[in-house]
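Here is a short report on one protein chain. Please keep the sequence and the model side by side while reading.

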Amino acid sequence: GNGGSNTGVSGQYSGGPLALGVAWQKVEKGLVEKDTTTWQIGGSYVASVAKVFAQYGVVDNDTTGNSYKILGLGTSIPVGAGKVIAQWGRISPDTGSTRATISLGYDHNLSKRTDAYFVLMNDKIDGLATGNNYAVGIRHRV
């Protein structure tokens with residue numbers, strides 16, 4: 001509605017214990033909004049006991065010249081009828097404060113399509129106090 005266009009391309013590979021994905025997006029918002037170019041790459045690998053995840057990406061704001069680097073590392077480990085999940089993530093802007101987040105939780109399968117989860121999260125932005133949050137929920141897939 002502002003004269004801009006959106007373009008994106010992505011691809012995925014999944015074979016055996018390895019999964020990989022890559023994505024690129026260009027958003028041109030027109031006269032008022034800022035344009036951005038984004039790319040990300042991620043993957044997972046299923047080891048004997050755990051599944052490990054990694055993600056890296058860059059978001060470039062073409063109008064201001066500021067960019068953000070995004071890094072994430074995580075794992076899920078089967079325990080009982082569910083899995084323990086852990087994730088560390090970091091967003092590093094060219095200008096502004098770096099943000100790091102650590103999450104730890106448990107996802108319990110109630111049935112083939114329904115699970116309940118609980119996640120604790122610690123969030124730290126440089127120069128500010130640390131924040132703690134939690135999430136509790138039930139998810140049903142149709």
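Which residue stands opposite Val 119 in β9? Ala 135 does. Strands here are DSSP runs of E with at least two residues, and helices are runs of H or I with at least four, all numbered from the N terminus.

**Basis.** This is a predicted model, in which local features need pLDDT of at least 70, side-chain atom pairs count only at pLDDT 80 or more, and totals for chains, interfaces and linings use all residues. Residues are numbered from 1 along each chain as its sequence is written, and side-chain values use heavy atoms, with hydrogens and water left out.

**Overall form.** The protein chain has 9 strands and 0 helices. In sequence order the pattern is β-β-β-β-β-β-β-β-β. The C-alpha trace spans about 55 × 40 × 30 Å along its principal axes. The radius of gyration of the protein chain is 18 Å, whereas a compact globule of 142 residues would have one near 14 Å. That radius is taken over C-alpha atoms, and the globule rule is 2.2 Å times the number of residues to the power 0.38.

**Surface and contacts.** Of the 142 residues, 19% count as buried. Buried means under 20% relative accessible area, exposed means over 50%, and partly exposed lies in between (1.4 Å probe, protein chains only). The accessible surface of the protein chain is about 9,400 Å², and carbon and sulfur atoms hold 60% of it. These areas come from the Shrake-Rupley method with a 1.4 Å probe; for residues, only the protein chains shown count as cover. Among contacts with a separation of 6 or more, 28% join residues 24 or more positions apart. A contact means heavy atoms within 4.5 Å.

**Charges.** The protein chain carries 13 positive and 10 negative charges, and their mean positions are 10 Å apart. Lys and Arg count as positive, Asp and Glu as negative, while His and the chain ends are not counted. Each charge is placed at NZ of Lys, CZ of Arg, CG of Asp or CD of Glu.

**Strand pairing.** Two strands pair if DSSP finds at least two bridges between them.

| Strand pair | Bridges |
|---|---|
| β4 (residues 51-61) and β5 | 10 bridges |
| β5 and β6 | 12 bridges |
| β7 (residues 99-109) and β8 | 11 bridges |
| β8 (residues 114-125) and β9 (residues 131-140) | 10 bridges |

Lys 51 has Ser 76 in β5 as its bridge partner. The hairpin of β4 and β5 has 5 residues between the strands, and Gly 65 there takes a positive phi near 80 degrees. Thr 75 lies in strand β5. Leaving aside neighbours within four places in sequence, Thr 75 contacts Ala 50, Lys 51, Val 52, Phe 53, Val 84, Ile 85 and Ala 86. Thr 75 and Ile 91 are 16 residues apart in sequence and 19 Å apart in space, C-alpha to C-alpha.

Gly 80 lies in the loop between β5 (67-79) and β6 (82-93). The hairpin of these strands has 2 residues between them, and Gly 80 takes a positive phi near 60 degrees. Is Gly 80 buried or exposed? Gly 80 is exposed, because its relative accessible area is 79%. The C-alpha atoms of Gly 80 and His 108 are 8.3 Å apart, with 28 residues of separation along the chain.

**From β7 to β9.** His 108 stands opposite Ala 116 in β8. The hairpin of β7 and β8 has 4 residues between the strands. Asp 115 has Arg 139 in β9 as its bridge partner. Val 119 sits in strand β8. Not counting residues up to four places away in sequence, Val 119 touches Ile 85, Ser 103, Leu 104, Gly 105, Asn 133, Tyr 134 and Ala 135. Val 119 and Tyr 106 are 13 residues apart along the chain, with 6.6 Å between their C-alpha atoms. In the hairpin of β8 and β9, with 5 residues between the strands, Gly 127 takes a positive phi near 85 degrees.

**Leu 18.** Leu 18 is found in strand β2 (residues 18-30). Leu 18 counts as partly exposed because its relative accessible area is 32%. Beyond four places in sequence, Leu 18 touches Tyr 13, Ser 44 and Tyr 45. Leu 18 and Ser 44 are 26 residues apart in sequence and 5.9 Å apart in space, C-alpha to C-alpha.
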